[in-house]
Amino acid sequence: MINNSYLLGLYGVSAGDMSTFGVTSSVKPAKTQPTPPWDVSIKASKPDSVVRAALAARQLISVDSGRLDLPGASSDYRKLFALYQGLTSLTALATRVDQSGVGEGEAARIRQRFASGISEVGDYLRTAGFDDIRLVQGVSSTTAKTSAGVPRDATRIVTRPVHDGDLASSVPNLEGPVVFDITIGTVGGDVTAPIDLAGMGAQTRTLDNVITFINDKLTDAGVATRLGREKVNGAPRTIQLGAKTITLPARADQWGLVLQGTSAESVRFTAPQTSDAVYVVQAAGVGGGNELLKFQSDGGAAPEPLQPFGQTGWVAGRASQTALPKGVETVRASAVGADGSLWIVADIEAAPGSQPLKGERDVALMKLDPAGRIVATRMLGASDEASGYAIAIAADGRVAVAGSVTGDLEPGARVVDANLSDSFVTVFDGAGEELWTQRRGARAADEATAVSFGTDGRVYVAGRSRSAMPGASGLGGWDGYLQGFSATQVHSLAPFTASAVSINQFGTVGDDSVKAMTVEGSSIYTAGVESGRVVVRHYTPGGDGTPSLSAVRDLGAASGDVTGIAVADGRVILTGTTRNPALDIATMNTAHSGSSDAYVAVLGADLSPAAADRLTYVGGAGDDSVADVKVHGGKVWITGIADRPVGAQEDDPRQGYLTRLDPLTGAVEWTRTWAGVDQQASPLSLAVASGGASVLDRLGLPQGLVSMGDSKTLTAATALRPGDRFYVSPADGSRRRAVTIDADDTLQTLARKIEQASSGQLKVTVVTDALKTGELEDMNSGRMQRLSIVPRDGRAGAILTSGETGRDALAALGLSPGIVSPTPKAGDLKTFAMALPPTLSLTGADQIKSTVEALRAAVRVVRDAYKALAPGASKPAITGAAPAYLTAQLANYQAALARLTA
């Protein structure tokens with residue numbers, strides 16, 4: 001018998017080379033890698049078994065539990081296989097939670113186990129210490145840039161459109177008496193330039209002529225500030241027809257005024273003739289957009305507003321219509337500050353200026369100038385969800401916001417149950433800087449629905465709770481509560497320390513609530529629905545200042561809700577919506593109209609029934625609602641949805657209304673009704689500003705001091721809170737360090753912190769965005785500054801790791817966890833990015849789907865890492881033409897093979 005190996009050797013070919021030329025051998029190749037747990041030879045566990053094991057196990061990742069079938073294999077394999085098993089368990093949990101037949105109890109256990117499992121994966125990747133590969137939980141990049149930023153001070157402000165069409169034509173809004181002053185603050189003092197367009201004489205009031213006239217006055221005053229114009233056409237108009245988007249014809253060119261200032265000058269606009277202004281925030285259109293409407297009340301000296309072009313649902317008396325940022329989901333409360341600015345409390349799904357949120361939904365306190373321009377935004381910084389329900393402004397300018405929050409809020413603070421809502425109250429100073437925050441939670445869900453400043457310096461919060469609030473006793477179902485807070489400082493520069501100083505919990509064994517509260521002197525009034533009845537409560541301070549119940553008034557079956565309560569001229573004014581035609585008040589000014597009507601009730605200060613009590617119903621034959629109410633100058637302003645047909649469907653037309661009435665006589669003194677875009681108008685809140693309307697509204701200019709900048713601290717400009725943090729680990733293996741956010745941190749101080757934490761591996765700089773054009777919101781924002789992070793020349797870079805749940809600063813900065821390192825070179829350690837954000841959750845169908853996809857992608861990364869560990873995997877592939885000696889060997893082999901087969 002011929003020995004093939006001997007024969008092949010004669011021709012310079014070994015038996016091991018036969019497979020290279022397409023000839024198989026019965027010799028089994030040597031094993032170079034241990035068998036992975038995903039190999040087809042290994043029987044996979046059933047998903048149900050995996051879920052049960054994951055729920056029972058203390059750890060999902062156990063390096064010691066697996067055995068390798070290749071002696072002497074790298075320990076990296078054992079670590080990699082343990083990670084694979086952990087990811088498989090998490091995938092099984094995520095898949096199971098959304099299956100039919102899974103009860104709430106099991107789903108809650110799965111979510112809890114999943115959350116701890118994701119944290120376990122992050123900790124494991126950080127500490128596993130692979131030798132021949134690098135795995136990171138996040139992404140791998142050569143550069144990173146924060147999506148969060150801080151705007152530079154703006155010296156250029158663009159107004160809403162004040163003219164459309166031909167620039168050679170007269171501007172209708174500038175006809176008639178137009179008189180105002182521009183006061184410029186300079187280093188040498190204030191300089192006032194009086195503006196009266198009557199001085200133009202017979203000259204046509206085109207936009208350019210008016211601008212030239214005003215600029216001549218500013219030149220005469222010796223200041224640098226000037227006016228100009230800019231095209232502000234906005235985004236293209238489109239409509240949706242089925243699945244097709246149709247672009248509408250472009251409007252005529254629209255022009256806004258440009259206020260071009262300097263950093264050395266301040267600008268203030270004032271008008272001698274003013275009227276009261278009423279602001280209404282409403283949801284409009286089928287798309288759910290929100291907008292601010294400004295109305296001019298009658299009875300003042302300001303000239304009547306003219307109809308601006310391009311506005312939807314305009315009615316006489318409306319001065320402007322301004323869209324709120326797209327991320328605003330709803331607005332439940334608003335109030336006017338002493339400087340005429342409007343503060344609104346908004347629930348947001350996305351922050352203005354593309355600032356990232358830490359959770360799914362947050363509360364934002366927004367400050368708007370009298371022209372509707374947003375000049376400041378303060379986010380609560382909730383790690384999960386938050387809702388804002390109430391706002392109050394103190395005489396000294398402080399602003400309080402109250403609502404509910406789910407998940408973590410204050411870094412390091414204990415939370416009873418992160419899945420249930422708790423009440424919160426946050427107090428800001430007049431500039432919008434946070435002074436203090438308090439979160440008070442019962443064991444069950446609770447929420448704050450009203451807030452007021454007391455004359456004793458305390459802040460009072462009212463709301464409802466499903467169990468006993470701390471320091472109180474529950475009565476059953478939802479209970480109402482009234483809580484007082486006090487804040488102190490060690491010295492004038494020290495932070496405030498706030499604490500709860502009183503608690504009153506009240507109601508019935510049924511469901512109760514507090515929907516409104518007001519403070520008048522030492523008296524506190526609350527109003528709500530208790531076991532289906534309208535109930536007003538009066539509290540007065542006891543000997544230690546703690547509120548004590550003095551009186552209760554039951555007005556009968558609610559058949560609706562309570563919207564607001566106020567005190568004017570020594571009388572309590574209560575407002576809401578009801579189907580009850582006979583609330584328990586002696587004198588009725590106007591009878592119930594049927595279905596649901598608004599009501600305005602006037603009660604004595606001690607709540608005792610009296611002949612002076614009055615009741616007024618407001619509405620038509622259909623359903624009327626009250627979204628908000630304000631009492632101003634003894635008159636009641638209410639807004640809501642007007643006279644909707646009984647049985648109307650959700651998408652049927654709805655009209656908004658704004659009405660002022662005399663609560664004592666019931667006389668309606670002023671009212672407007674309007675339809676919104678797509679015949680959908682749903683007012684949400686209102687606020688009244690004394691003297692807030694003037695001829696300046698025609699020019700889109702604000703009364704008062706023009707805001708050109710805002711705070712530069714990160715805790716004010718972003719969703720970051722003091723104490724939030726993340727970690728930086730130098731890629732060379734040095735120990736990781738925490739980067740913690742302080743209250744006074746800026747982009748510059750944070751950049752230094754990151755560089756120091758990276759031991760000089762990273763270079764962090766502040767970069768400025770390019771100047772934006774297009775939408776008005778972009779034009780009016782100062783150019784955004786952000787952080788740019790790159791590896792320092794000749795260094796290995798660093799790994800950014802998320803902070804703990806509830807205090808993760810990376811999410812608020814808009815940075816992805818992962819490694820920032822140079823472009824890899826031959827022989828460098830291979831890096832594998834898992835792209836597993838620590839925020840993965842199982843709270844909804846969409847999130848579950850994306851979570852499962854992310855986990856499966858991470859499993860594929862693990863398999864890629866396994867391949868990279870194979871011997872020779874890092875060797876370059878052989879490409880190109882075969883060398884001559886190999887070609888000769890091949891020819892010899894083929895000749896030998898031909899002889900063997902002949």
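Is Y866 buried or exposed? Y866 counts as buried, at 11% relative accessibility; buried means under 20% relative accessible area and exposed over 50%, with partly exposed in between (1.4 Å probe, protein chains only).

Before the close-ups, please note that this is a predicted model, in which local features need pLDDT of at least 70 and side-chain atom pairs count only at pLDDT 80 or more, while totals for chains, interfaces and linings use all residues. Residues are numbered from 1 along each chain as its sequence is written, and side-chain values use heavy atoms, leaving out hydrogens and water.

View A. Ring pairs join W38 and Y866 with Y77, F81 and Y84 in a cluster.

**View B. I348, F726, I754, L762 and L800 have the most contacts inside the largest nonpolar core.** This core has 48 residues; such a core is a set of buried Ala, Val, Leu, Ile, Met, Phe, Trp, Tyr and Cys residues joined through side-chain atoms within 4.5 Å. Beyond its neighbours within four places in sequence, L800 is in contact (heavy atoms within 4.5 Å) with residues including F726, L762 and V820.

**View C. R736 lies over the face of Y727.** The distance to the ring centre is 3.7 Å.

Definitions and conventions:
Rings of Phe, Tyr and Trp (its six-membered ring) pair if their centres lie within 6.5 Å; planes under 30 degrees apart count as stacked, over 60 as edge-to-face and the rest as tilted. A charge sits over a ring if NZ of Lys or CZ of Arg is within 6 Å of the ring centre and within 35 degrees of the ring normal.
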